[in-house]
Amino acid sequence: MKKYIVETYYTCTFKTVHSLNNLDDSELSKIDKRTDGEVEVIDVKLNNRKTKKIGEKKDNKPVSKVKNVSTNVIKNHLNVQKNETNTSSSALKLKNNSRFKMPDRRKGYIQKAQIGDHKVYLHTGEYDDGKIGEIFIDTNKEGELVKAMMNNFAIAISLGLQYGVPLEEYVDAFIDTKFEPSGNVIGNDRILSASSILDYVFRELAISYLGKEDLAHTPSIVSSKSIDTETSDDKFLKIVKNITSKGFVRSNYEEKLVDLSDVRINLKTKN
């Protein structure tokens, strides 16, 4: 048995467009009595809701009636507002969940090099598929301010990589930047000089993870095997790819493998 009635009040903002043959005082004085205007709903807002028992006396308050405003127009306007709200909330949820976090146990490599009198240690972290997801930059002769700036710069780059920023964008932005320390590079077999620490770091990442040999100063070691006889899809090689750092071996998995097919191991145990 129903006992309560819920009343909902809305405020509808609309405009009425009339066509006039002549713009004079007589035409304008009659415009409020005309019913041939075109009505366009601008906004519909929810004011409040009231609950009352069935049988209660209603307050005798004048209720203004809106002419030529169909119920379907108002419903359509409310549906559009609801759809826009749902779309914005889903977009916000997608934005918050778009970060691809690094695995707890990850691969990577450490490259030590010396630029002038400054030692630079580059640490990388990789996803399971070998794609780079984070970097760390350590120096030895910089002040606390510079070390903190380099550390936070590396964190910003790592967050960008985890949110989907391509490594190519960072390489294009920071290659050939010039500031001290700069000069000859000692300890890296592919890079012989750098115009800055950032130039060295992203040149190293471009060579190791993007295969950009044009940024290297020394040629890469080319495999002696022909492309036709390459066995990169072998099952054992796939296992090696999954457990080996792609950046460390620079994708030359076959060059880093040791052939142990002729080695025999006696696994007999004593009784």
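Predicted model: local features only at pLDDT ≥ 70, side-chain atom pairs only at ≥ 80, totals over all residues.
**View 1. The whole protein, before we zoom in.** Take a moment to get your bearings: the protein has 8 helices and 7 strands. Of its 271 residues, 27% are buried. What about the surface? The protein exposes about 20,400 Å², and carbon and sulfur atoms supply 52% of that area. If you look at contacts between residues at least 6 apart in sequence, 58% of them join residues at least 24 apart.

**View 2. Helix 4 meeting helix 5.** Two packed helices are described by the angle between their axes and the distance between the axes. Here, helix 4 covers residues 167–174 and helix 5 covers residues 197–209; their axes cross at roughly 145° and come within 9 Å. The crossing is left-handed. Which residues of helix 4 meet helix 5? Look for L167, Y170, V171 and F174. On the helix 5 side, you'll find L198, D199, F202, L205, A206 and Y209. Sorted by class, this contact has 9 nonpolar residues, 1 charged residue and no polar ones.

**View 3. Helix 3 packing with helix 5.** Now bring in helix 3, which spans residues 144–162. The angle between helix 3 and helix 5 is about 35°, and their axes are 13 Å apart. This pair crosses in a right-handed way. Helix 3 brings M150, F153 and I157 to the contact, while helix 5 brings I197, L198 and F202. By class, that gives 6 nonpolar residues, with no polar and no charged ones.

Key: Residues numbered from 1 in each chain as written. Heavy atoms only, no water. Axes fitted to C-alpha atoms, helices over the stretch in contact; angles between N-to-C directions. Helix = DSSP H or I, 4+ residues; strand = E, 2+ residues; numbered from the N terminus. Left-handed = near helix turned anticlockwise from the far one by under 90°. Contact = heavy atoms within 4.5 Å. Nonpolar A, V, L, I, M, F, W, Y, C, P; charged D, E, K, R; others polar. Buried < 20%, exposed > 50% of the residue type's maximum accessible area, 1.4 Å probe, protein only. Areas by Shrake-Rupley, 256 points an atom, 1.4 Å probe, with all protein chains shown as cover.
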